[in-house]
Amino acid sequence: MSKKPNLSAVKTAVHKEKFKHGSLAVVFTVVFIAVIIVINVLVSALTTRFPSMNFDLTKEGLNTLSDEATDVAKEIVNETTIYIIGSEDAIRGDEVYSNYSLKYSQVANLADRLHELNDKIKVEYIDPDMNPQFISDYAGDSLTTGKVMVKTDKRHKTLAVTDLFSIQQDSSTGQYNYYSKVDGALANALYLVNLDTVPVVAFATGHNEMLTVSDNLSTFTGMLNDNNFEVKEFNMLTDEIPEDASIVVLGTPTTDYTSDELSKLEAYLGDEKMASSRTLYVMTAPNAGWSSMPNLSSFLAEWGMEPQSQEVLESNTNNTLYNMPYAIFANVTDSVLSKTYDNVVKVQAAPVKRLFTANNDISTYSVIETSDTAYLSNDEKVLETPETDTYTILAFAQRYMDNQGKICANVVVDGCAADFYDGSSLLGNSTFGNKDATLDLIKNLTGTTDTRVGLTVNQTQTNTMDISASSAVTWSIGMMLFTIVVPVAVLVIGLVIFLRRRHL
């Protein structure tokens, strides 16, 4: 017969203080470890779903969206996809352009936050090696690792690495400084691809222009692109003027226009079916050869403007930059632009003569002009005893196309083509007011002054961060600390307590 278990002995053993405390310690340890694991899993899932829960440890807040970018994201109503070209691991691990010390993971971090704000915004990673078909579908955009394409059913915009980051060398110290433009660039692209219509600036070629999009206008066209204008180029001799062109630019032509070409311009400016204003913007410079362009000169004269061949110089050194008589501090009048612009400098500018202030339905204005101490460079005798006067550098003619005065045909003659040339630092230097004045004039001409066209793309220096580790490193540290180190430490402490209690 089997021996019955001694229940009283088991009961006594269970109630022993040693067993009681030891069991509680084991249960406490197991439960605590389980809680830690569950918390880690939940936090990991939540931070993936809500990226804003991740702390931004950078000094400049590089992984935090600006208020303007936040507002743009919240207003998106169309399905929009941010395609980041490259493998997700490489992007998030700062492996892209790491040899240039760029923190490329910022692109992924800010894209995540944009998606979090609005589920209409999706983020996808396109590895060129794994998805060559996508790359070939957009062959014209030359999609390589590091580029970003933002797309809706309306249009798409591709951002190069130079749109997202910049590297500048300090001329005094020789040190390289690294800047991020990711926040503004992404916000601008999101806004652009969701616009119903985009103002187009079309550059005409075919007349040996001194300034062309493909050669020497990257600073100017870059400014236009940053402010959500679309840039096109066409040949006046062989192509029609783009139907959606808000501005047609003649980048300092050096040969005359034919009657057929001028008819194109007349039809463009006189098209009563256009639902928006349109502008012909003519750039010129000293000695541009207007005497050999009688047809184009006559066309502009009908609009009350006559480009001159001389160069405007300044006799008062207080009105010059670095005492250079050809670098003139100019004045922006309030005839068209109402804001105040400081340090607007015009270099090697030609005057523009206004033939009338008003004639039938056309009115002319002086937008940018010199002080009354300027003079014209004709010959050495004039230089010795210059006759000073106020000269117009940028003239503007306007004709209303509707009874409400909202739709206009405009012609601008700008005597300072050097302002737009890539060799000039005036448009790209915030010290001067040239960029703001030029951009505000273009907005005025295209009727986009009350829209978001022109979102600010600020540069934020990235090599001043307190936290210099990459996102991959900080992620690894977090995983090691909270997923391994803390639970193991708790387990060891629990075992020590358990073993000590066993011997009590």
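**A friendly note on this predicted model**

1. Let us begin with Glu-243, which sits in the loop between strand 8 (230-235) and strand 9 (245-251). Helices (H or I, at least four residues) and strands (E, at least two) are DSSP runs, numbered from the N terminus. Glu-243 counts as exposed, because its relative accessibility is 80%. Here buried means under 20% relative accessible area, exposed over 50%, and partly exposed in between (1.4 Å probe, protein chains only).

2. A word on what you are looking at. This is a predicted model, in which local features need pLDDT of at least 70 and side-chain atom pairs count only at pLDDT 80 or more, while totals for chains, interfaces and linings use all residues. Residues are numbered from 1 along each chain as its sequence is written, and side-chain values use heavy atoms, with hydrogens and water left out.

3. Now the overall picture. The protein chain has 15 helices and 23 strands. Of its 504 residues, 45% are buried. Among contacts in the chain with a separation of 6 or more, 71% join residues 24 or more positions apart; contact means heavy atoms within 4.5 Å. The accessible surface of the chain is about 26400 Å², and carbon and sulfur atoms hold 52% of that surface. Accessible areas come from the Shrake-Rupley method with a 1.4 Å probe, and for residues only the protein chains shown count as cover.

4. Next, a pair of helices to find on your screen. The axes of helix 10 (residues 218-226) and helix 14 (residues 434-446) come within 12 Å and cross at roughly 55°. Axes are lines fitted to C-alpha atoms, for helices over the stretch in contact, and angles run from 0 to 180 degrees between N-to-C directions. Helix 10 and helix 14 are therefore oblique to each other. For comparison, angles under 35 degrees count as roughly parallel, over 145 as roughly antiparallel, 65 to 115 as roughly perpendicular and the rest as oblique.

5. The crossing of helix 10 and helix 14 is right-handed. A crossing is left-handed if the near helix is turned anticlockwise from the far one by less than a right angle, and right-handed if clockwise. Which residues make the contact? Helix 10 brings Phe-220, Met-223 and Leu-224, and helix 14 brings Lys-435, Thr-438, Leu-439 and Ile-442. By class, the contact of helix 10 with helix 14 has 5 nonpolar, 1 polar and 1 charged residues. Ala, Val, Leu, Ile, Met, Phe, Trp, Tyr, Cys and Pro count as nonpolar, Asp, Glu, Lys and Arg as charged, and the others, Gly among them, as polar.

6. Gly-415 lies in the loop between strand 22 (408-414) and helix 14. Is Gly-415 buried or exposed? Gly-415 counts as buried, because its relative accessibility is 0%. Thr-284 is 131 residues away along the chain, yet the C-alpha atoms of Gly-415 and Thr-284 are separated by 4.8 Å. Not counting residues up to four places away in sequence, Gly-415 touches several others, including Thr-284, Pro-286, Ala-349 and Ala-350.

7. Gln-310 is in the loop between strand 11 (305-307) and strand 12 (311-314). With a relative accessible area of 19%, Gln-310 is buried. Leaving out residues up to four places away in sequence, Gln-310 touches Pro-286, Ala-349 and Ala-350, among others.

8. Val-182 is in helix 8 (residues 182-194), and it counts as buried at 0% relative accessibility. Leu-110 is 72 residues apart from Val-182 along the chain, and their C-alpha atoms are separated by 7.9 Å. Leu-110 is also one of the residues that Val-182 touches, not counting those up to four places away in sequence.

9. Finally, compare two asparagines. Asn-343 has a positive phi of about 55° although it is not a glycine, and Asn-360 likewise has a positive phi of about 55°. Asn-343 is in the loop between strand 15 (331-332) and strand 16 (345-347), whereas Asn-360 is in the loop between strand 18 and strand 19 (362-369). Asn-343 is partly exposed, with a relative accessible area of 38%, while Asn-360 is exposed, with 77%.
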